[in-house]
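Hi there,

Here is the structure I promised to hand over. Have a look through it first, and then read on for what turned up.

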Amino acid sequence: MIKILRILLKSWIAFMILAPIWVMSYTWIDVPATPLMGIRKLQSKQKHTLQHHWVPLSQISKNLQLAVICSEDQRFLEHEGFDKKAIEKALAEHKAGKRLRGASTISQQTAKNVFLWPHRSWIRKGLESYFTFLIESFWSKERILEIYLNSIEMGNGIYGAEAAAQFWFNKSALDLNRDEAAALASILPNPRKFLATPASDYTQKRKEWIFIQMHNYGTLVFDKEQQNEYNE
């Protein structure tokens with residue numbers, strides 16, 4: 001028993017040391033693949049073609065950057081990985097009898113997509129929180145969004161903005177207009193079930209809601225000083 005505990009303790013110490021190094025390396029190295037990509041390939045009973053083309057954030061339309069922020073995490077530039085207001089609202093709604101909904105930020109989703117597995121558990125949630133803390137410590141908001149947009153699932157076997165833009169609209173991620181960007185953001189709740197085009201009743205309603213949020217949000221500015229100047 002003591003031997004097992006020693007092994008577990010050494011493994012935990014090794015993980016605590018290696019995890020920050022792993023996260024820090026992606027500050028400069030582009031993520032080649034994610035655990036989800038491997039899991040999907042293993043789960044597929046048919047031939048699984050994976051489409052994933054990394055591009056820098058500068059080559060991803062501002063329309064798509066804004067659309068996913070408005071769809072998934074409107075306080076992305078304000079929080080440090082965890083949206084306390086969203087969590088409190090979700091808990092309040094649950095206490096009122098509503099179904100408990102997720103309140104994951106883009107940072108948390110990035111932690112899960114890049115380092116962990118998709119199935120929910122308390123262990124995964126704990127590791128997700130740790131990795132979220134690490135990426136917020138080591139990466140800029142631009143880098144977090146860049147990795148998120150290059151790793152997120154946007155269709156069956158489709159990963160990242162460039163592959164999604166090519167697959168759904170036959171164009172580069174840089175050339176996506178507001179309608180196309182909102183269409184891609186609208187499928188994120190379940191990208192293997194929903195189609196970016198043609199839109200279903202559900203995704204059309206989400207697109208319309210995202211359009212309103214994008215209009216209300218205004219210009220996406222990462223630099224805080226520039227944001228203050230813009231607000232003035």
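**How α3 packs against its neighbours**

Helices α3 and α9 are oblique to each other. Before going further, please keep in mind that this is a predicted model. The angle behind that description is about 40 degrees, between helix α3 (residues 62-72) and helix α9 (residues 178-186), and their axes are 8 Å apart. The crossing of these two helices is right-handed. On the α3 side, the residues that meet α9 are Asn 63, Leu 64, Leu 66, Ala 67, Val 68 and Ser 71. Their partners in α9 are Arg 178, Ala 181, Ala 182, Leu 184 and Ala 185. By class, this contact of α3 with α9 holds eight nonpolar, two polar and one charged residue.

Helix α3 also packs against helix α10 (residues 201-217), where the axes come within 9 Å and cross at roughly 105 degrees. That angle makes α3 roughly perpendicular to α10. From α3, the contact takes in Asn 63, Leu 66, Ala 67, Ile 69, Cys 70, Ser 71 and Glu 72. From α10 come Arg 206, Trp 209, Ile 210, Gln 213, Met 214 and Tyr 217. Sorted by class, the contact of α3 with α10 has eight nonpolar, three polar and two charged residues.

**The chain as a whole**

Along the sequence they follow the pattern α-α-β-α-α-α-α-α-β-α-α-α-α. The chain has 232 residues, and 44% of them count as buried. Taking contacts between residues at least 6 apart in sequence, 69% join residues at least 24 apart.

**The core**

Which residues touch the most other members of the largest nonpolar core? They are Leu 64, Phe 115, Leu 145 and Leu 149, out of 55 residues in that core. The elements that each give two or more residues to this core are α1 (2-25), α3, α5 (106-115), α6 (122-138), α7 (141-151), α8 (161-169), α9 and α10.

Leaving out residues up to four places away in sequence, Leu 149 touches Leu 57, Ile 60, Leu 64, Gln 65, Val 68, Met 154, Gly 160 and Ala 161.

**Helix α8 and the residue after it**

Helix α8 has nine residues, and seven of them are buried, so this helix is largely enclosed by the rest of the structure. The buried ones are Ala 161, Glu 162, Ala 163, Ala 164, Ala 165, Trp 168 and Phe 169. Among the elements that cover them are β1 (51-52), α3, α7, β2 (158-159) and α9.

Just after α8 comes Asn 170, with a positive phi of about 55 degrees. This residue is in the loop between α8 and α9. Is Asn 170 buried or exposed? Asn 170 is exposed, at a relative accessible area of 66%.

- Ile 106 is in helix α5 and counts as buried, at 0% relative accessibility. Apart from neighbours within four places in sequence, Ile 106 is in contact with Val 68, Ile 69, Glu 72, Asp 73, Phe 76, Ile 144, Leu 145 and Tyr 148. Ile 106 and Gly 81 are 25 residues apart in sequence, while their C-alpha atoms are 7.8 Å apart.
- Thr 132 belongs to helix α6 and is buried, with a relative accessible area of 0%. Not counting residues up to four places away in sequence, Thr 132 touches Gly 81, Phe 82, Ser 107, Gln 108 and Ala 111.
- Ala 86 sits in helix α4 (residues 84-95) and counts as buried, at 15% relative accessibility.
- Pro 198 lies in the loop between α9 and α10. The peptide bond joining Thr 197 and Pro 198 is cis, with omega about -5 degrees.

Enjoy exploring the model!

Best wishes

Definitions and conventions: Residues are numbered from 1 along each chain as its sequence is written. This is a predicted model: local features need pLDDT of at least 70, side-chain atom pairs count only at pLDDT 80 or more; totals for chains, interfaces and linings use all residues. Side-chain values use heavy atoms; hydrogens and water are left out. Axes are lines fitted to C-alpha atoms, for helices over the stretch in contact, and angles run from 0 to 180 degrees between N-to-C directions. Helices (H or I, at least four residues) and strands (E, at least two) are DSSP runs, numbered from the N terminus. Angles under 35 degrees count as roughly parallel, over 145 as roughly antiparallel, 65 to 115 as roughly perpendicular and the rest as oblique. A crossing is left-handed if the near helix is turned anticlockwise from the far one by less than a right angle, and right-handed if clockwise. Contact means heavy atoms within 4.5 Å. Ala, Val, Leu, Ile, Met, Phe, Trp, Tyr, Cys and Pro count as nonpolar, Asp, Glu, Lys and Arg as charged, and the others, Gly among them, as polar. A nonpolar core is a set of buried Ala, Val, Leu, Ile, Met, Phe, Trp, Tyr and Cys residues joined through side-chain atoms within 4.5 Å. Buried means under 20% relative accessible area, exposed over 50%, partly exposed in between (1.4 Å probe, protein chains only).
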